[in-house]
Amino acid sequence: MKRLLQLLLPFLFVYSILNPAAASAVPNEATLFPDSARIVDVSTVKLLPDDAGTSKAVITLPGQMIPDSLSAVLPAGSPFRILDQSWRQISRQDDARLADLRSQVQDLKTEKIGIVAGIQALETKIQFWQAQAKARVKTVEDAATLSALIAKSVKMAFQEKLTLEPDLQKVENRIKELQDEINRIAGQKESLWEVTFLIGGPAGRETSLIITYSLTGCGWNPLYRLEAHPRERVITFEWEAEVWQSSGIDWSQVETNLATLPPRSAISPPLLPPWVVRPRQAIPLKGRSKADFRDAPAAGAVMFSASPEAEPQEVRKTTFSLWNLGKRNIAAGARQRIKVRSEKWPALFVHILRPSLIPQSFVQASVKLPEAREIPVGQATFLIDGAVLGKRPFSFAGSEGQFSFGSDPLVTGETLLLSRKSGELFDCGVDFISGTTVTDEQ
């Protein structure tokens, strides 16, 4: 063993000179957009001198990196300066987890080849015995013997084929599952980006680089839960973020942000439509009085945060909102949920009746919040007193809004014509507030 190492050391030394090891960039901060991510990485890189009196630093970045988005700066006060940067694609060197998954896929593909070959052999066997039915025989006894042999052989071949076909389907499904998992972990890229920075300045061994780039194969989805409590006159609102990344490496203690809008690539703003300014018109609430809203729970007394140990913080930007989730661990490939916010909204509940169209009544909630909210479009689960009503898209912007919570089977309405009379026409509006029927006549 010692002799083998002595023989290999010169070759390893030459290989290390010709192929300098590239440092792998691990994110320090990640801002997740709905279908991408903006990565900030602070790396310490080795400086390799060259013949021109400059140095170069080499790092590897995920294959999902968008090259044109790459930028790098040196720390303030650094004696070095970045002269140029270039990149090229290299083959991915899988870690143990990816290598094991790819090995399983290869074994399953080999098994699939054997099953397919077996099925084709049985099909050929069936065709052979079916062709023997046209063979000429001399006696009736020979015909009966041949017929029985053909029937038995074809039956056995069909049984074996029917046994192999489900096995083939299972193998194909398993290959697809493993391939999907590989894509979730490392994306669909079979390569990495090797980035080389040309650095000028005094001779040195290493320096820090602040690298920023955009990454596809990452993102987040908002998930909501709205539960109505008419007796307590509140709506419980919960907001979770489903996050994922497929950079090929696990993110450990990465400062994570959620952006409510994707990054904008347009340089010039669109043309403005005509801006018409007119006096605001007050819309009266039929059947409701200001006292009803005064009796609702106090808004400031019912708000509470999602997580006392790591409360997400909202940061208002010019065109979107940013939610800082603190340091998070996000594994490559796996989708995980992070709680963003949980609140109780004061609400006024009414029953909406339209008996001329349908007999059912619908529960509607009106909310007034002390501060405006900016909640992006996402899938929401609606409930009322613990009963699930269903899922539908949800978004909310501002401080006031109305939300529907399905029909109430205990309250119905119908239109009855009691008598026909001529005279002035009355327009009646019907609302239910806390069990009270209110009728307005005009």
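Residues are numbered from 1 along each chain as its sequence is written, and side-chain values use heavy atoms, with hydrogens and water left out.

Serine 361 sits in strand E16; helices (H or I, at least four residues) and strands (E, at least two) are DSSP runs, numbered from the N terminus. Is serine 361 buried or exposed? Serine 361 counts as buried because its relative accessibility is 0%; buried means under 20% relative accessible area, exposed over 50%, partly exposed in between (1.4 Å probe, protein chains only). Now show its contacts (heavy atoms within 4.5 Å). Leaving out residues up to four places away in sequence, serine 361 touches His351, Ile352, Leu353, Gly406, Ser407, Asp408 and Val411.

## The nonpolar cores

Select Leu226, Ile235, Trp251, Leu258, Trp345, Phe394 and Phe405: these have the most contacts inside the largest nonpolar core, which has 55 residues. A nonpolar core is a set of buried Ala, Val, Leu, Ile, Met, Phe, Trp, Tyr and Cys residues joined through side-chain atoms within 4.5 Å. Strand E16 (residues 360-384) supplies the largest share of this core, eight residues. A second, separate core has 14 residues, among them Leu98, Leu101, Val171 and Ile175.

Centre on phenylalanine 405. Beyond four places in sequence, the residues touched by phenylalanine 405 are Leu226, Glu227, Ala228, Ile235, Val363, Ala365, Phe382, Leu383, Ile384 and Leu389.

From there, move to glutamate 227, in strand E10 (residues 218-229). Glutamate 227 counts as buried because its relative accessibility is 11%. Its side chain makes a polar contact with the side chain of arginine 225, at 3.2 Å. Apart from neighbours within four places in sequence, glutamate 227 is in contact with Val234, Ile235, Thr236, Leu383, Asp385, Gly386 and Phe405.

Select residues 140-186, helix H3. Its 47 residues reach 68 Å from first C-alpha to last, close to the 69 Å expected at 1.5 Å a residue; the expected span is 1.5 Å times one less than the number of residues. Buried residues of H3 include Ile150, Val154, Leu168, Val171, Ile175 and Ile182, and the buried residues of H3 pack against helix H2 (96-131). After H3 comes glycine 187, with a positive phi near 70°.

H2 has 36 residues and reaches 53 Å from its first C-alpha to its last, close to the expected 52 Å. Among its buried residues are Leu98, Leu101, Val105, Leu108 and Trp129.

Leucine 146 lies in H3 and counts as partly exposed, at 22% relative accessibility. The C-alpha atoms of leucine 146 and alanine 133, 13 residues apart along the chain, are separated by 8.0 Å. Not counting residues up to four places away in sequence, leucine 146 touches Gln132, Ala135 and Val137.

Arginine 97 is in H2 and is partly exposed, with a relative accessible area of 33%. Its C-alpha is separated by 9.4 Å from that of isoleucine 185, 88 residues apart along the chain. Neighbours within four places aside, arginine 97 is in contact with Ile185, Asp250 and Ala332.

## Confidence and totals

Colour by pLDDT, the predictor's confidence in each residue, from 0 to 100. The protein has a mean pLDDT of 79, and 78% of its residues reach 70 or more. Over residues 1-21 the pLDDT stays under 50, and the model has one contact beyond four places in sequence for them. Residues 296-309 also have pLDDT below 50, and this stretch has 26 contacts in the model beyond near neighbours in sequence. Where pLDDT is low, the predicted coordinates should not be read in detail.

Finally, zoom out. The secondary structure comes to four helices and 19 strands, and 36% of the 442 residues count as buried.

Notes. Predicted model: local features only at pLDDT ≥ 70, side-chain atom pairs only at ≥ 80, totals over all residues. Polar contact = N/O pair within 3.5 Å; in protein donor to acceptor, adjacent residues only side chain to side chain.
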